[in-house]
Amino acid sequence: MQEFLEFTLGGLAVGMIYAAIALSLVLIWRGTRILNYSQGGMAMFTTYVALIVINHTGNYWEGFAVALASGLVLGAVLERAVIRPIENKPPLNAVIVTIGILVFLEGLAGIIYGGQFRSFPPAFSIVGLTIGSTALGISRDDLFTAAAVLAASLLLALLFRYTSVGLRLRATAFNANVARLLGVRIGRVLTLGWALAGLIGALAGVLVTPSTFLYPNSMDSIFVLGFTAAVIGGLESPLGAVVGGLILGVVLSYAGGYLGSDLVPIFGLGALMLVLMIRPSGLFSTTAVRRV
Amino acid sequence: MTLARHLGAALLVAVVLLVLTLRVGPFRDYQIAEVAAYVTAVAGLTYLIGLSGQISIGHGAFMAVGAYAAALLLLHLHWPLELVFAASAVAGAAAGGILGVAAARLRGPYLAGATLMLAVALPSIADKYAGVFGGDQGLSVTITTPAWLGVTFPPTRWLAWVTCAAALITLVLLANLGRGRTGRDWRALRDNEIAAELSGLNVARLRILAFVVSSACAGLGGALLAVVTNIVSPGAFTLALSISVLTAAILGGLGSLAGAVWGSLVLVFVPTYVTDVATSHGLSSGASSNVPIAAYGVVLIAVMLLFPSGIQGGLRRLLGPVAPAASGPLNALRRRGPASEKQEEGTT
């Protein structure tokens, strides 16, 4: 029972990270029908920026803020510079361009910062919390992670629901041509979508890196699992992304805890294939997979 | 007729390669062997993406399957080399078949995601069952030069011969497949899946077949790479390998076998060159080993933005009088087709 509690709470904490990555993927997918394979690379890069600021100023929160801001800028710049020209091309072109961005960012990080592993400070203590004598398997920092991702998701939900910018974002996701006819500046909306995704990805990077070390490939496996979470959730629905992230986090935590941590990637693959076999377009998807 | 032409071309290339390997030193022989190994894998991938319109980001996983199969067979059963290569192709095909069956219902990003996850997940099996697969250390793969060549015959030249022979056979088989009925069906599938289905093609079977053929090539390519590098380890079959194979296929020109050769040449020769240039411009060795990676990224983006048909497409535009007529009407049709189904632009 003790173990079960630890694995569940620990899984939920990790799941929050997957949820954040999944959320950033969904943001871009809804707007542009592009799957951003460079999301992990972008998060890795902004985390390096945060580390430099933290080392320079000694203040964690300045680094945190700079990471989020640089994620915002990076997302917008990438959309304008390399995504815009391929927006109406076949989907494969976009897949390859975003993989190109990923490889480029990882190479660039290696050139600028070197390949060695660096430790990244957590926001709060990483000592496990206990209630009485029962260990919970999570720390203050995990609580902060969960709170930060939940707050970001909530803010996004409010933005989408109650602001005119959010209405434009939803209209563009629903039907770009109709939105354009109604006077929405599609180009700006898409840039905003990428910027927001960059911000959420940067948040995930800063939150997860204390437990993984920072190196040019540090976000690869996190990204793959976040992607899996997004696919499980159905790529369309932000809520699905969060739920998918949490499900995946808990499942992998049980698999790693009870069956051995070596097989976690295999179970990730198994979970992904299982969901896709049952529902080829994810659990929360509402639109048809194939458009005739 | 086509078969004869392909065989003739292969024979010509074989003679050229034979002369080349006899004239160059061991290091160049080694690089030629490396190119041949990559060509085999890239040729399969370029067919999968360029002809059947499905994407695999995790082709390194199939290469790993073939490489481990070859290593185990050589290590424990001491099979002759040609049987080992055939078996590794079969092992790759089996893995691809399993994924293909699972993936036949998947489209676009979902398929890409499944293959991506496969590439990340598979190496962890080697760590888990370290007793069989040698864990992080991997397994060593050694082949011996046959006795009839004499003891002074350079082993790298034998490697180059073996790998080039395997690559050429693969290319001839693929060229015939692509020219024949199956290739035509794949193109129809790629250009408009619904139209293909209405014309009576078995879409699911064709998609799975494309995966089987392509991963058989990847399995063989992996086995060749294992023989060339003398070792099979999880560290050799990372996501980075999958991405470099994909880069080669795209850079060369999707769907084109000649493009697979160009792409593989770039893959082997350019990184060492770029690293040397970076080092000579004062970058530390750690930093300059990352320059080719960043360059890959730039190349992927630039190719897609500027010349999506790759090197072979560019050459064809420069040298050839007109584009092949077969792709014309289909291209026009595809432009009007539904946006969500298209995988890539016709580049054959």
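Figure 1. Setting aside neighbours within four places in sequence, B:Val303 is in contact with B:Ile250, B:Leu251, B:Pro308 and B:Gly310. B:Val303 counts as buried because 24 C-beta neighbours lie inside 10 Å. The C-alpha atoms of B:Val303 and B:Gly252 are 9.7 Å apart in space, although 51 residues separate the two in sequence.

**Figure 2. Packing of H11(B) against H14(B).** The two helix axes come within 10 Å and cross at roughly 35 degrees. The crossing of H11(B) with H14(B) is left-handed. From H11(B), the residues B:Ser244, B:Thr247, B:Ile250 and B:Leu251 take part, and they meet B:Tyr296, B:Val299, B:Leu300 and B:Val303 of H14(B). By class, this contact consists of six nonpolar and two polar residues, with no charged residue.

**Figure 3. The buried residues of helix H15 (residues 310-319) of chain B.** B:Gly310, B:Ile311, B:Gln312, B:Gly313 and B:Arg316 are buried in H15(B). The helices against which the buried residues of H15(B) pack are helix H11 (239-252), helix H12 (257-280) and helix H14 (291-306) of chain B.

**Figure 4. Contacts of B:Ala70 and the largest nonpolar core.** The largest nonpolar core has 216 residues, and B:Ala70 is listed with A:Ala19 and A:Ala20 as having the most contacts inside it. Apart from neighbours within four places in sequence, the residues in contact with B:Ala70 are B:Val84, B:Ser88, B:Val141, B:Ala223, B:Ala226 and B:Val227. Of the 348 residues in chain B, 54% are buried. Chain B contains 16 helices and two strands. Among its contacts with a separation of 6 or more, 80% join residues 24 or more positions apart.

**Figure 5. Crossing of helix H2 (residues 39-57) and helix H8 (residues 186-208) of chain A.** These helices pack at an angle of about 65 degrees, and their axes are 8 Å apart. H2(A) and H8(A) form a right-handed crossing. On the side of H2(A), the contact involves A:Gln39, A:Met42, A:Ala43, A:Met44, A:Thr46, A:Thr47 and A:Ala50. On the side of H8(A), the partners are A:Ala197, A:Gly198, A:Gly201, A:Ala202, A:Ala204, A:Gly205 and A:Val206. The contact of H2(A) with H8(A) has eight nonpolar and six polar residues, and no charged residues.

**Figure 6. The side of chain A that touches chain B.** Contacts between the chains involve 46 residues of chain A and 45 residues of chain B. Helix H4 (91-113), helix H9 (220-233) and helix H11 (264-278) of chain A each supply at least two residues of this side of chain A. H4(A) provides the largest share, 16 residues. The residues of the side of chain A that touches chain B comprise 31 nonpolar, ten polar and five charged. The model scores ipTM 0.81 and pTM 0.82.

**Figure 7. Position of A:Gly114 in a loop of chain A.** A:Gly114 lies in the loop between H4 and strand S1 (128-131) of chain A. This residue counts as partly exposed, because it has 14 C-beta neighbours inside 10 Å.

**Figure 8. Prediction confidence in chain A and chain B.** The average pLDDT of chain A is 84, and 96% of its residues score at least 70. Over residues 288-292 of chain A, the pLDDT is below 50, and this stretch has nine contacts in the model beyond near neighbours in sequence. Chain B averages a pLDDT of 79, with 90% of the residues scoring at least 70. Among the elements of chain B, helix H10 (residues 203-229) has the highest mean pLDDT (90) and helix H16 (residues 327-336) the lowest (40). The pLDDT is below 50 over residues 323-348 of chain B, a stretch with 50 contacts in the model beyond near neighbours in sequence. Where pLDDT is low, predicted coordinates should not be read in detail.

Methods
Residues numbered from 1 in each chain as written. Chains lettered and ligands numbered in written order. Predicted model: local features only at pLDDT ≥ 70, side-chain atom pairs only at ≥ 80, totals over all residues. Contact = placed C-beta atoms within 7 Å. Helix = DSSP H or I, 4+ residues; strand = E, 2+ residues; numbered from the N terminus. Nonpolar A, V, L, I, M, F, W, Y, C, P; charged D, E, K, R; others polar. pLDDT = per-residue confidence, 0-100. Core = buried A, V, L, I, M, F, W, Y, C linked by C-beta atoms within 7 Å. Buried ≥ 20, exposed ≤ 12 C-beta atoms within 10 Å, placed from the backbone. Axes fitted to C-alpha atoms, helices over the stretch in contact; angles between N-to-C directions. Left-handed = near helix turned anticlockwise from the far one by under 90°.
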